[in-house]
Amino acid sequence: MKLLTKTTLYIATLSMFLFFIMGIIFFQVLKNMSLSELNRELTRIQKVVDDVFPHFLGGQLSGLPGLDSISIQPASPGRVLKDQFGDTLMFDTRTHQFRTFRYLHFLADHGGNSYTVKLYKSTTPADKLVEQVTLLMTVMVILFLAGIFFLNRFIFANLWKDFFDTLDKLKQFDIVKEPLELGEPDVEEFMELKKVLERMTMRLSSDYKELQEYTDHTTHELQTPLAVIKTKTELLMQSSNLGPEEMQLIQSINSSANHLSRLNTTLALITRIESQQFTGRNKINLVHLLDDQLEKFQELIALREISVVRTYSDRKQTITMDQGLADIMITNLLKNAIVHNMDGGKILLEIKNGSFGISNEGAPLSFGEQELFKRFARDKKKTGNFGLGLSIVKKICDNYGFKISYNYKNQLHTFTILLPDNSSSF
Amino acid sequence: MQILIVEDEIPLMESMVSYLKMEGFKCEEATTYHEGLCSLDKHDYICMLIDLNLPDGDGLNLVKIAKQNQNNSGIIIISARNALEERVRGLELGADDYLVKPFHLSELVARVHSVARRTRSQGEEILTFGMIRVMPEERTCFVEDKQVDLTRKEHDLLLYLMSNRNRVITKESIADYLWGEYGGGYGSYDFVYTHLKNLRRKLVDAGSPDYIKNMYGVGYKFSLE
């Protein structure tokens, strides 16, 4: 959930709840106030009625201003009645409707007789007032909420602008490229955030750079001693007074030095791809690229009696990348397809608009598919293989934004590389 | 048969000199850029081996000067860096080959032979070994008068063996020589074996004795004995 949505939701829920409670209290208070006002009015009228009671009995008076209706009845003697307020429903002859009335019930004495008197006053005007005030309040609350909503948005857009700018820049941050540069926020907390982030990414970049340099230097420096071991053992091998055992010992040293130096070269290559030292941007025709590299393996393919099926439906498909890396990528894919093929097997090459694929026959992987592009992923039973070839291919693809995928179906291992639009046919 | 070696790593220099001497080459040694510069005109070299990374100067510069002075001697660049741009620049300046450290001595010798052949030979050169005759330019091979049909790799392999006659050669060095550094290596040793088997069969079928000796499973030796 977004920050803005969440804040709005919190504010809305809380204020709705508060306004609901407040509304109920407000309504009750208002209602009570209007009720006591009616009671007061009726008490005032009661005094007037007491004063002019004979006139009512005599029939000269039948009502009073402010009073809706009055009823006078003789009370049974000896009855005691306290003044009593109440509500009742009565049929109003003027409006032909049932309406609520407030009444006051009391005893009045005249000439030794007791009378029960009931004074009625309609509550409708008061109710109307309460209704209108409540309605007005509700409208005000809605307006207020809407105001809060827009105010919140406005504050949000302004206050958090720097935060979102920072977030955007962080998203685009690439360790290989420029260091992170954030603007100058005027909110103190954001300023602190900016400082922390800049310090962190700076550290990250410099660590990364140092690591790259370290790897670069180490791999380079390692080559010379390795060269010495290799050449000295090779020389030693030539001496005539060595028996088979000594020869095998020397060979195994030589072989290990070879292994180490290959590993070193390959890791150096990966480092150089990662640090984007290959900057060439050549527009390469895929058909030519594939056929050229295929040519180098022609004899190997013939030796293992592998048949190559080429389906080039788009002969103009190009790929924009460094020529050296393109060669390495295709070489590694082809080599992989040959080494892991079976004698008399097949290799399928396919070039379509926007993609190319390479498939080879072979037994299923002896390890998980997700391991395939990782460094040192390999069939442990096969020796003399580092499992770096495909990880190089992956690195190269990542470098140029190509999407590489793998699947295994009907005994066919297939690698498909999807090319981005900008390197499509011309 | 003089060769100039400019290399600042003494142990490596020693190895190269020993191996090349076994092949009958004479070596002029230079361990710095300056020494290399002084030695450039000392002899008429058939080949110069120049390390690019020298303590007191850029090997590429040496290549340039060497090319101006002795146009008819071959130049092989030796470098620990395998950057394509450097390689291209070196070859543009007139170097004939580019060898990346660490290399096999047998590969170095094969390249020296090949460069020497290219720069020195007038007309078609014929290499002989026992009953075998090879014409590298035409890529043809004869056992006595009988022509042997070899594939490209088999031909390269034969030349490699002839360049390193009487030496123990490892299968790693053969693989690296035949397929280069990214193409060769892992998985290609089986192919070395197959190529060798086919080459051996073709030569023997044509009437030649089997010159390719297996050395205790360590490597191979191409010799008359």
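Is B:S223 buried or exposed? At 3% relative accessibility, B:S223 counts as buried, a class defined by under 20% relative accessible area, with exposed meaning over 50% and partly exposed in between (1.4 Å probe, protein chains only).

## Basis of the report

This is a predicted model, in which local features need pLDDT of at least 70 and side-chain atom pairs count only at pLDDT 80 or more, while totals for chains, interfaces and linings use all residues. Residues are numbered from 1 along each chain as its sequence is written, chains are lettered from A and ligands numbered from 1 in the order in which they are written, and side-chain values use heavy atoms, with hydrogens and water left out.

## Chain A overall

Chain A contains ten helices and eleven strands; helices (H or I, at least four residues) and strands (E, at least two) are DSSP runs, numbered from the N terminus. Of its 426 residues, 38% are buried. Among contacts in chain A with a separation of 6 or more, 64% are between residues 24 or more positions apart, a contact being heavy atoms within 4.5 Å.

The accessible surface of chain A is about 25,300 Å², and carbon and sulfur atoms account for 59% of that area. Accessible areas come from the Shrake-Rupley method with a 1.4 Å probe; for residues, only the protein chains shown count as cover.

B:S223 is placed in the segment after strand 14 (219–222) of chain B. Not counting residues up to four places away in sequence, B:S223 touches B:F129, B:N166, B:Y211 and B:K213.

A:Q60 sits in the loop between helix 2 (53–58) and strand 1 (69–74) of chain A. A:Q60 counts as exposed because its relative accessibility is 58%. With residues up to four places away in sequence not counted, A:Q60 touches A:P54 and A:H55.

## Nonpolar cores

A nonpolar core is a set of buried Ala, Val, Leu, Ile, Met, Phe, Trp, Tyr and Cys residues joined through side-chain atoms within 4.5 Å. The largest such core has 77 residues, and those with the most contacts inside it are A:M321, A:M329 and B:L158. Helix 9 (residues 323–339) of chain A gives the most to this core, contributing nine residues. Apart from this core lies another, of 26 residues, including B:Y19, B:C27, B:I76 and B:V109.

Leaving aside neighbours within four places in sequence, A:M329 is in contact with A:I319, A:M321, A:F356, A:V393, A:I396, A:C397 and A:I417.

## Salt bridges

Over all chains, the whole structure holds 24 salt bridges, each a side-chain nitrogen of Lys or Arg within 4 Å of a carboxyl oxygen of Asp or Glu. One of them joins the side chains of A:K31 and A:D127 (3.4 Å, N to O). A:K31 lies in helix 1 and A:D127 in helix 3 (residues 124–159) of chain A, so this pair ties together parts that are 96 residues apart in sequence. A:K31 is partly exposed at 34% relative accessible area, and A:D127 is partly exposed at 25%.

Within helix 1 of chain A, A:E37 and A:R40 lie three residues apart, about one turn of the helix; their side chains meet in a salt bridge (2.6 Å, N to O). A:E37 is partly exposed, at 43% relative accessible area, whereas A:R40 is exposed, at 53%.
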